[in-house]
Amino acid sequence: MSIQTIMVIGAGQMGSGIAQVCATAGYDVILNDQKQEFFDRGLANITKNLSRDVEKGRKTEEEKAAILSRLQQSLSIDDAKNADIVIEAAVENMEIKQSIFRQLDSIAPAHTILATNTSSLPITELAAVTNRPEKVIGMHFMNPVPVMKLVEVIRGLATTDEVYEAVRDLSVKLEKTPVEVNDFPGFVANRILLPMINEAIYTVYEGVASIEDVDTVMKLGMNHPMGPLTLADFIGLDTCLAIMEILHEGLGDSKYRPCPLLRKYVAAGWVGKKSGRGFYVYE
Ligand code: NAI
(Lines give C-alpha, C1' and ligand atoms only; values in the text may rest on other atoms or scores of the structure.)
Protein backbone atom coordinates (compact mmCIF):
# COMPACT_ATOMS: atom_id res chain seq x y z
CA MET A 1 0.00 0.00 0.00
CA SER A 2 1.80 3.12 -1.11
CA ILE A 3 0.69 6.46 0.30
CA GLN A 4 1.45 9.68 -1.59
CA THR A 5 -1.55 11.88 -1.12
CA ILE A 6 -3.16 12.45 2.27
CA MET A 7 -6.48 14.19 2.73
CA VAL A 8 -7.18 15.76 6.13
CA ILE A 9 -10.81 16.55 6.97
CA GLY A 10 -11.17 19.51 9.35
CA ALA A 11 -8.63 22.34 9.47
CA GLY A 12 -9.09 23.02 13.20
CA GLN A 13 -6.63 22.66 16.04
CA MET A 14 -5.82 19.00 15.27
CA GLY A 15 -6.42 18.86 11.50
CA SER A 16 -4.08 21.78 10.79
CA GLY A 17 -1.37 20.16 12.92
CA ILE A 18 -1.82 16.82 11.14
CA ALA A 19 -1.68 18.53 7.73
CA GLN A 20 1.50 20.33 8.80
CA VAL A 21 3.38 17.18 9.84
CA CYS A 22 2.23 15.31 6.71
CA ALA A 23 3.42 18.11 4.36
CA THR A 24 6.67 18.40 6.36
CA ALA A 25 7.29 14.68 5.80
CA GLY A 26 6.97 15.26 2.03
CA TYR A 27 3.42 14.08 1.37
CA ASP A 28 0.96 15.92 -0.85
CA VAL A 29 -1.80 17.10 1.45
CA ILE A 30 -5.39 18.03 0.65
CA LEU A 31 -6.66 20.04 3.63
CA ASN A 32 -10.45 20.13 3.72
CA ASP A 33 -12.90 22.20 5.73
CA GLN A 34 -16.44 23.37 5.21
CA LYS A 35 -15.82 27.08 4.71
CA GLN A 36 -13.03 29.24 3.30
CA GLU A 37 -12.61 31.05 6.65
CA PHE A 38 -12.05 27.75 8.51
CA PHE A 39 -9.46 26.66 5.95
CA ASP A 40 -7.75 30.08 6.16
CA ARG A 41 -7.60 29.83 9.97
CA GLY A 42 -5.94 26.41 9.72
CA LEU A 43 -3.46 27.60 7.09
CA ALA A 44 -2.62 30.67 9.22
CA ASN A 45 -1.89 28.35 12.13
CA ILE A 46 0.44 26.21 10.00
CA THR A 47 2.20 29.28 8.56
CA LYS A 48 2.71 30.69 12.07
CA ASN A 49 4.24 27.40 13.29
CA LEU A 50 6.58 27.17 10.29
CA SER A 51 7.64 30.82 10.63
CA ARG A 52 8.56 30.15 14.25
CA ASP A 53 10.66 27.18 13.09
CA VAL A 54 12.48 29.48 10.63
CA GLU A 55 13.08 32.10 13.34
CA LYS A 56 14.54 29.47 15.65
CA GLY A 57 16.77 28.12 12.88
CA ARG A 58 15.00 24.75 12.76
CA LYS A 59 13.97 25.27 9.11
CA THR A 60 15.01 27.46 6.19
CA GLU A 61 12.68 29.81 4.28
CA GLU A 62 13.00 27.42 1.30
CA GLU A 63 11.88 24.44 3.40
CA LYS A 64 8.93 26.45 4.73
CA ALA A 65 7.91 27.42 1.17
CA ALA A 66 8.25 23.80 -0.02
CA ILE A 67 6.05 22.53 2.84
CA LEU A 68 3.37 25.16 2.12
CA SER A 69 3.48 24.31 -1.60
CA ARG A 70 2.49 20.72 -0.79
CA LEU A 71 -0.73 21.87 0.91
CA GLN A 72 -3.79 22.05 -1.29
CA GLN A 73 -6.99 23.77 -0.22
CA SER A 74 -10.23 21.79 -0.39
CA LEU A 75 -13.78 22.88 0.30
CA SER A 76 -15.36 19.75 -1.17
CA ILE A 77 -15.30 16.22 0.17
CA ASP A 78 -15.22 15.06 -3.49
CA ASP A 79 -11.46 15.71 -3.38
CA ALA A 80 -11.23 12.38 -1.53
CA LYS A 81 -11.16 10.79 -5.00
CA ASN A 82 -7.46 11.76 -5.16
CA ALA A 83 -6.43 10.52 -1.70
CA ASP A 84 -4.57 7.34 -0.69
CA ILE A 85 -5.56 7.90 2.93
CA VAL A 86 -8.04 10.27 4.55
CA ILE A 87 -7.44 11.38 8.15
CA GLU A 88 -10.68 12.76 9.57
CA ALA A 89 -10.29 15.42 12.29
CA ALA A 90 -13.72 17.08 12.28
CA VAL A 91 -15.69 17.66 15.47
CA GLU A 92 -16.11 14.92 18.09
CA ASN A 93 -19.65 13.92 17.17
CA MET A 94 -20.65 10.41 16.10
CA GLU A 95 -23.43 11.47 13.72
CA ILE A 96 -21.20 13.98 11.93
CA LYS A 97 -18.33 11.49 11.69
CA GLN A 98 -20.63 8.74 10.40
CA SER A 99 -22.00 11.07 7.74
CA ILE A 100 -18.44 11.99 6.67
CA PHE A 101 -17.40 8.30 6.56
CA ARG A 102 -20.46 7.33 4.47
CA GLN A 103 -19.58 10.04 1.94
CA LEU A 104 -15.87 9.17 1.93
CA ASP A 105 -16.71 5.53 1.36
CA SER A 106 -18.69 6.38 -1.76
CA ILE A 107 -16.16 8.92 -3.15
CA ALA A 108 -12.69 7.56 -2.32
CA PRO A 109 -11.03 4.90 -4.51
CA ALA A 110 -11.24 1.30 -3.29
CA HIS A 111 -7.63 1.29 -2.00
CA THR A 112 -8.08 4.42 0.17
CA ILE A 113 -7.67 3.97 3.93
CA LEU A 114 -10.16 5.90 6.07
CA ALA A 115 -8.61 6.98 9.38
CA THR A 116 -10.10 9.04 12.21
CA ASN A 117 -8.39 11.16 14.85
CA THR A 118 -11.27 10.66 17.30
CA SER A 119 -10.22 10.82 20.93
CA SER A 120 -13.04 8.68 22.26
CA LEU A 121 -15.57 7.38 19.72
CA PRO A 122 -15.59 3.66 18.79
CA ILE A 123 -13.71 2.92 15.54
CA THR A 124 -15.72 -0.25 14.95
CA GLU A 125 -19.02 1.66 15.01
CA LEU A 126 -17.67 4.19 12.52
CA ALA A 127 -16.33 1.42 10.28
CA ALA A 128 -19.74 -0.26 10.28
CA VAL A 129 -21.34 2.56 8.24
CA THR A 130 -18.88 1.93 5.37
CA ASN A 131 -18.50 -0.91 2.89
CA ARG A 132 -14.81 -1.13 3.74
CA PRO A 133 -14.61 -1.71 7.52
CA GLU A 134 -11.29 -3.52 6.97
CA LYS A 135 -9.78 -0.20 5.79
CA VAL A 136 -11.07 1.92 8.69
CA ILE A 137 -8.66 2.67 11.54
CA GLY A 138 -8.01 5.15 14.37
CA MET A 139 -5.02 7.47 14.18
CA HIS A 140 -5.11 9.38 17.46
CA PHE A 141 -2.60 12.21 17.46
CA MET A 142 -1.87 14.28 20.58
CA ASN A 143 -2.17 18.04 20.88
CA PRO A 144 -0.14 20.00 19.72
CA VAL A 145 0.49 17.61 16.82
CA PRO A 146 3.81 19.06 15.57
CA VAL A 147 5.29 18.71 19.07
CA MET A 148 3.84 15.52 20.56
CA LYS A 149 5.50 12.27 19.51
CA LEU A 150 2.73 9.76 20.16
CA VAL A 151 0.12 8.31 17.80
CA GLU A 152 -2.30 5.70 19.12
CA VAL A 153 -3.07 3.47 16.13
CA ILE A 154 -6.42 1.91 16.92
CA ARG A 155 -7.56 -1.27 15.24
CA GLY A 156 -11.29 -1.64 14.72
CA LEU A 157 -12.72 -5.13 14.93
CA ALA A 158 -12.38 -5.64 11.15
CA THR A 159 -9.15 -3.67 10.48
CA THR A 160 -6.70 -5.84 8.52
CA ASP A 161 -3.01 -6.30 9.35
CA GLU A 162 -2.09 -4.73 6.00
CA VAL A 163 -3.98 -1.53 6.81
CA TYR A 164 -2.60 -1.44 10.36
CA GLU A 165 0.97 -1.80 9.03
CA ALA A 166 0.47 0.91 6.40
CA VAL A 167 -0.71 3.34 9.09
CA ARG A 168 2.06 2.33 11.48
CA ASP A 169 4.65 2.97 8.72
CA LEU A 170 3.04 6.30 7.88
CA SER A 171 3.22 7.34 11.57
CA VAL A 172 6.95 6.56 11.62
CA LYS A 173 7.47 8.60 8.43
CA LEU A 174 5.71 11.49 10.20
CA GLU A 175 8.41 11.10 12.91
CA LYS A 176 5.90 9.87 15.46
CA THR A 177 5.98 6.81 17.68
CA PRO A 178 2.96 4.62 16.95
CA VAL A 179 1.44 2.42 19.62
CA GLU A 180 -0.91 -0.43 18.71
CA VAL A 181 -4.21 -0.22 20.55
CA ASN A 182 -7.42 -2.23 20.34
CA ASP A 183 -10.77 -0.50 20.10
CA PHE A 184 -12.09 -0.11 23.67
CA PRO A 185 -13.43 3.03 25.37
CA GLY A 186 -10.81 5.71 25.93
CA PHE A 187 -8.17 3.65 24.08
CA VAL A 188 -5.03 3.84 26.29
CA ALA A 189 -4.16 7.52 26.74
CA ASN A 190 -7.55 8.74 27.93
CA ARG A 191 -8.37 5.57 29.83
CA ILE A 192 -5.41 6.20 32.11
CA LEU A 193 -5.26 10.02 32.09
CA LEU A 194 -8.92 10.84 32.72
CA PRO A 195 -9.47 8.61 35.78
CA MET A 196 -6.35 10.25 37.28
CA ILE A 197 -7.82 13.70 36.65
CA ASN A 198 -11.21 12.53 38.00
CA GLU A 199 -9.50 11.20 41.15
CA ALA A 200 -7.70 14.53 41.59
CA ILE A 201 -11.13 16.23 41.47
CA TYR A 202 -12.47 13.73 44.07
CA THR A 203 -9.51 14.60 46.29
CA VAL A 204 -10.58 18.26 46.26
CA TYR A 205 -14.32 17.33 46.53
CA GLU A 206 -13.69 15.26 49.66
CA GLY A 207 -11.62 18.03 51.24
CA VAL A 208 -8.39 16.03 51.30
CA ALA A 209 -6.38 18.93 49.91
CA SER A 210 -6.77 22.24 48.06
CA ILE A 211 -6.71 22.59 44.27
CA GLU A 212 -3.23 24.15 44.34
CA ASP A 213 -1.87 21.53 46.73
CA VAL A 214 -3.18 18.58 44.66
CA ASP A 215 -1.40 20.05 41.62
CA THR A 216 1.78 20.65 43.66
CA VAL A 217 1.83 17.03 44.86
CA MET A 218 1.65 15.68 41.31
CA LYS A 219 4.15 18.19 39.91
CA LEU A 220 6.83 17.98 42.58
CA GLY A 221 6.11 14.48 43.84
CA MET A 222 5.55 12.71 40.52
CA ASN A 223 7.48 15.01 38.20
CA HIS A 224 4.41 15.71 36.07
CA PRO A 225 5.04 18.87 34.00
CA MET A 226 1.57 20.17 34.94
CA GLY A 227 -0.79 19.34 37.81
CA PRO A 228 -3.90 17.29 36.92
CA LEU A 229 -6.35 20.12 37.71
CA THR A 230 -4.40 22.60 35.57
CA LEU A 231 -4.33 19.99 32.82
CA ALA A 232 -8.10 19.47 33.19
CA ASP A 233 -8.62 23.22 32.71
CA PHE A 234 -6.53 23.08 29.53
CA ILE A 235 -8.37 20.05 28.12
CA GLY A 236 -11.74 21.60 29.01
CA LEU A 237 -13.86 20.26 31.87
CA ASP A 238 -16.74 19.55 29.46
CA THR A 239 -14.43 17.32 27.42
CA CYS A 240 -13.15 15.65 30.61
CA LEU A 241 -16.74 14.92 31.68
CA ALA A 242 -17.69 13.59 28.22
CA ILE A 243 -14.75 11.16 28.23
CA MET A 244 -15.52 9.98 31.79
CA GLU A 245 -19.12 9.30 30.68
CA ILE A 246 -17.83 7.23 27.75
CA LEU A 247 -15.53 5.21 30.06
CA HIS A 248 -18.32 4.75 32.62
CA GLU A 249 -20.92 3.70 30.09
CA GLY A 250 -18.62 1.68 27.84
CA LEU A 251 -16.77 -0.24 30.55
CA GLY A 252 -19.67 -0.46 33.01
CA ASP A 253 -17.48 -0.15 36.09
CA SER A 254 -18.35 2.27 38.91
CA LYS A 255 -14.69 3.19 39.27
CA TYR A 256 -15.19 5.43 36.21
CA ARG A 257 -18.11 7.45 37.69
CA PRO A 258 -17.55 11.16 37.07
CA CYS A 259 -16.97 13.20 40.23
CA PRO A 260 -20.04 15.27 41.24
CA LEU A 261 -17.80 18.33 41.55
CA LEU A 262 -16.79 17.92 37.88
CA ARG A 263 -20.47 17.82 36.90
CA LYS A 264 -21.15 20.93 39.00
CA TYR A 265 -18.36 22.94 37.35
CA VAL A 266 -19.56 21.95 33.89
CA ALA A 267 -23.17 22.83 34.79
CA ALA A 268 -21.96 26.25 35.97
CA GLY A 269 -20.19 26.84 32.65
CA TRP A 270 -16.83 26.82 34.44
CA VAL A 271 -15.26 24.59 31.81
CA GLY A 272 -11.65 25.70 32.10
CA LYS A 273 -9.25 27.99 30.28
CA LYS A 274 -11.49 28.45 27.23
CA SER A 275 -14.31 29.92 29.37
CA GLY A 276 -12.01 31.99 31.60
CA ARG A 277 -12.73 29.88 34.67
CA GLY A 278 -12.35 26.26 35.71
CA PHE A 279 -10.40 25.12 38.75
CA TYR A 280 -8.40 28.30 38.21
CA VAL A 281 -9.41 31.75 37.00
CA TYR A 282 -7.91 32.99 33.69
CA GLU A 283 -7.68 36.67 32.76
P1 NAI B 1 -11.70 21.98 16.18
O2 NAI B 1 -13.04 22.45 16.57
O3 NAI B 1 -10.51 22.84 16.44
O4 NAI B 1 -11.68 21.65 14.60
C5 NAI B 1 -12.68 20.93 13.95
C6 NAI B 1 -12.73 21.44 12.50
O7 NAI B 1 -13.53 20.54 11.73
C8 NAI B 1 -13.34 22.82 12.36
O9 NAI B 1 -12.48 23.65 11.59
C10 NAI B 1 -14.66 22.54 11.62
O11 NAI B 1 -15.04 23.59 10.75
C12 NAI B 1 -14.31 21.29 10.85
N13 NAI B 1 -15.46 20.49 10.44
C14 NAI B 1 -16.57 20.18 11.13
N15 NAI B 1 -17.39 19.40 10.40
C16 NAI B 1 -16.77 19.20 9.21
C17 NAI B 1 -17.12 18.52 8.02
N18 NAI B 1 -18.27 17.86 7.92
N19 NAI B 1 -16.25 18.53 6.99
C20 NAI B 1 -15.09 19.21 7.08
N21 NAI B 1 -14.71 19.88 8.18
C22 NAI B 1 -15.54 19.89 9.23
O23 NAI B 1 -11.53 20.55 16.87
P24 NAI B 1 -10.17 19.75 17.22
O25 NAI B 1 -9.77 20.05 18.61
O26 NAI B 1 -9.20 19.95 16.12
O27 NAI B 1 -10.70 18.24 17.22
C28 NAI B 1 -10.89 17.51 16.04
C29 NAI B 1 -10.94 16.02 16.35
O30 NAI B 1 -9.71 15.63 16.96
C31 NAI B 1 -12.05 15.60 17.30
O32 NAI B 1 -12.53 14.34 16.91
C33 NAI B 1 -11.31 15.52 18.64
O34 NAI B 1 -11.92 14.64 19.55
C35 NAI B 1 -9.98 14.98 18.20
N36 NAI B 1 -8.87 15.23 19.10
C37 NAI B 1 -8.74 16.45 19.73
C38 NAI B 1 -7.66 16.68 20.58
C39 NAI B 1 -7.51 18.01 21.25
O40 NAI B 1 -6.70 18.11 22.20
N41 NAI B 1 -8.20 19.05 20.83
C42 NAI B 1 -6.64 15.66 20.85
C43 NAI B 1 -6.84 14.43 20.07
C44 NAI B 1 -7.92 14.25 19.27
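Gly 15 counts as buried, because its relative accessibility is 0%, and the cut-off for buried is under 20% relative accessible area. This value, like the others below, comes from a predicted model. Gly 15 is placed in helix 1. Leaving aside residues up to four places away in sequence, Gly 15 touches Val 8, Gly 10, Leu 31 and Ala 89.

Met 14 also has its place in helix 1, which covers residues 13–24. With a relative accessibility of 16%, Met 14 counts as buried. When residues up to four places away in sequence are not counted, the contacts of Met 14 are Ala 89, Asn 117, Phe 141, Met 142, Asn 143 and Val 145.

## Record annotations

An unreviewed UniProt entry gives the feature "binding site" at Gly 10, Ala 11, Gly 12, Gln 13, Met 14, Gly 15, Asp 33, Glu 92, Lys 97, Ser 119, Asn 143 and Lys 274. These positions are spread over 265 residues of sequence and are spread in space as well, with up to 24.0 Å between C-alpha atoms.

## Packing of helices 7 and 9

Two packed helices are described by the distance between their axes and the angle between them. For helix 7 (residues 189–205) and helix 9 (residues 228–235), the axes come within 9 Å and cross at roughly 115°. The crossing of helix 7 past helix 9 is left-handed.

On the helix 7 side, the contact is made by Leu 193, Met 196, Ile 197, Ala 200, Ile 201 and Val 204. Helix 9 contributes Pro 228, Leu 229, Leu 231, Ala 232 and Ile 235. By class, this contact has eleven nonpolar residues, with no polar and no charged ones.

## Aromatic pairs

The structure holds three aromatic pairs. One of them joins Tyr 202 and Tyr 205 in an edge-to-face arrangement, with 5.9 Å centre to centre and 75° between the planes. Tyr 202 and Tyr 205 are about one helical turn apart, because they are three residues apart in helix 7. Tyr 202 is buried, at a relative accessible area of 9%, whereas Tyr 205 is partly exposed, at 44% relative accessibility.

Elsewhere, Tyr 265, Trp 270 and Phe 279 form one aromatic cluster.

Thr 60 sits in the loop between helix 2 (36–55) and helix 3 (61–69). Its relative accessible area is 36%, so Thr 60 is partly exposed. The C-alpha atoms of Thr 60 and Gly 138 are separated by 33 Å, and the two residues are 78 residues apart along the chain.

Glu 212 belongs to helix 8, residues 211–222. At 45% relative accessibility, Glu 212 is partly exposed too. Between the C-alpha atoms of Glu 212 and Ala 25 the separation is 41 Å, for residues 187 residues apart along the chain.

Methods: Residues are numbered from 1 along each chain as its sequence is written. This is a predicted model: local features need pLDDT of at least 70, side-chain atom pairs count only at pLDDT 80 or more; totals for chains, interfaces and linings use all residues. Side-chain values use heavy atoms; hydrogens and water are left out. Axes are lines fitted to C-alpha atoms, for helices over the stretch in contact, and angles run from 0 to 180 degrees between N-to-C directions. Helices (H or I, at least four residues) and strands (E, at least two) are DSSP runs, numbered from the N terminus. A crossing is left-handed if the near helix is turned anticlockwise from the far one by less than a right angle, and right-handed if clockwise. Contact means heavy atoms within 4.5 Å. Ala, Val, Leu, Ile, Met, Phe, Trp, Tyr, Cys and Pro count as nonpolar, Asp, Glu, Lys and Arg as charged, and the others, Gly among them, as polar. Rings of Phe, Tyr and Trp (its six-membered ring) pair if their centres lie within 6.5 Å; planes under 30 degrees apart count as stacked, over 60 as edge-to-face and the rest as tilted. Buried means under 20% relative accessible area, exposed over 50%, partly exposed in between (1.4 Å probe, protein chains only). UniProt positions are given in the numbering used here, feature names are shortened, and annotations may be inferred rather than shown by experiment.
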